[in-house]
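Biologist: Can we go through the side-chain contacts in this one? Please show me the model.
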Amino acid sequence: MIPRFAVVGHPNKGKSSIVSTLSEDAAVAIAPIPGTTTAARTFPMQVDGETLYELIDTPGFQRPREVLAWLHERSGGAADRAATVARFVAAHAGDPRFHDECELLRPITEGAGILYVVDGSRPYGAEYEPEMEILRWTGRPRMALINLIAHGDHIEEWQRALDQYFSIVRVFDALHADVSKRLTLLRSFGELHPPWQAGIARAVNALEDDYRRRRERAARAITALIVDALTLQVSQRIAEDADPAPVIASAQECLRQRLAEREQKVRREVEAIYRHEGAAWADGAPAVIDSELFSSASEQLFGLSRTQLVATGAMSGAVTGGAIDLALGGASLFAVTGISALVGGVSALLGGDRLGKAKVLGQSLGSREITVGPFRDTNLPWVLLGRALLHHEAIAERNHARRDAIVMAVADGGHRANAIEPVLRKRLAREFDSVRKEGPRPGDSRLEALVAEVLQRQDPPAIAEIV
């Protein structure tokens, strides 16, 4: 039997936010206006097509005192209370006065457990007691969740009151709870009702496995991006007597554009992995991670410092200055002085050691082939990884109940990649060098495993401030 939980309470206390967070469904309607939820709606939490549990979003209580009075008048005693609640729902089906009460009580009378939500930032009041008493009459397993919607702390007074009506009371911030807090809350659901324990335990295990697989999938996507950056090349043919400099500049821009497109594609993949397709970004947030890859600012924000590059050994295979390989096949195409001029010009076009080598290959039917790339900037994979880490931090732990735009800020000092542990940095540097030397390696499990380890060890968002 799939555990089902009706999320109930006063209007505008965060019920829908709880449902959205625990079902990871951004389709749940959330608004600050009371009455947004007008009908009970079920949201399943699914992994690989299997429903682990169901959450039922319900309208808020509107006339609890009248409902309780009706129940008292018709109850035959404690043993008859749950049946009396069911009779109320049946008697008032279609009655607009008690539409909301019928909507929220119906799934409970049909066997759902109760998650009663209150706002711990507001004071407790006696007006909540009739609805809590109605829930007690149902006889169903029930838990109270103290949500924190705004500033203010009245948790202790709520705890004292709720303990009289609910077997379990938990504080749960629906908008900011991370994965571990969500799983902890889910485990407590199993304590409500022994027959649910096996199902809830299975759900927790499945979700833990699912979160691990998501991280691995994100690491796979990020690894593919880095491998592309270390191996990507662009080739163009030119006439034998054509000036290669403009063609090299065009190929260079094409190389930049391809990498930029790949980075954007990977970000969309990561957002889809964590079920945040179409995430809203605040003005300026994308600019933080969309700054020019090869700029000194981007290197300062995301890459390794020069000290750390040396410490990790990443500089050992670096291409110095603006070195360009000119591989000439067949007869010499340029005089010595011409080659010297070309080398100098291409060096300026390619921005020193940032854009890597340009190769002018030999004659073929009156034409030549120019190949630009791969990128030889030793900090490039670290910049890409730093940008990917910031984006992953903003997405991986973001609750689906949040409707605000994502705001990202980079901490003072920058050099995001410096935060990676030294031993792990050196292992990554060795893998980067191997990719440069050996080229693309299908299913690069070694580098992918290291990137997954970096994602696993990410600290709570400190550099990425999610507001």
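This is a predicted model: local features need pLDDT of at least 70, side-chain atom pairs count only at pLDDT 80 or more; totals for chains, interfaces and linings use all residues.

Biologist: How many aromatic pairs does the structure hold?
Modeller: There are 9. Rings of Phe, Tyr and Trp (its six-membered ring) pair if their centres lie within 6.5 Å; planes under 30 degrees apart are stacked, over 60 edge-to-face, the rest tilted.

Biologist: Are F5 and W196 stacked or edge-to-face?
Modeller: Edge-to-face, because the planes are at 70°, with the centres 5.1 Å apart. F5 sits in strand β1, W196 in the loop between α7 and α8, 191 residues apart. Helices (H or I, at least four residues) and strands (E, at least two) are DSSP runs, numbered from the N terminus.

Biologist: Buried or exposed, F5 and W196?
Modeller: Both are buried. Buried means under 20% relative accessible area, exposed over 50%, partly exposed in between (1.4 Å probe, protein chains only).

Biologist: Switching topic. How many salt bridges?
Modeller: The count is 30. Each needs a side-chain nitrogen of Lys or Arg within 4 Å of a carboxyl oxygen of Asp or Glu.

Biologist: Which residue does R268 bridge to?
Modeller: E271, with the closest N and O atoms 2.9 Å apart. Both lie in helix α9, 3 residues apart. R268 is partly exposed at 40%, whereas E271 is buried at 3%.

Terms used:
Residues are numbered from 1 along each chain as its sequence is written. Side-chain values use heavy atoms; hydrogens and water are left out.
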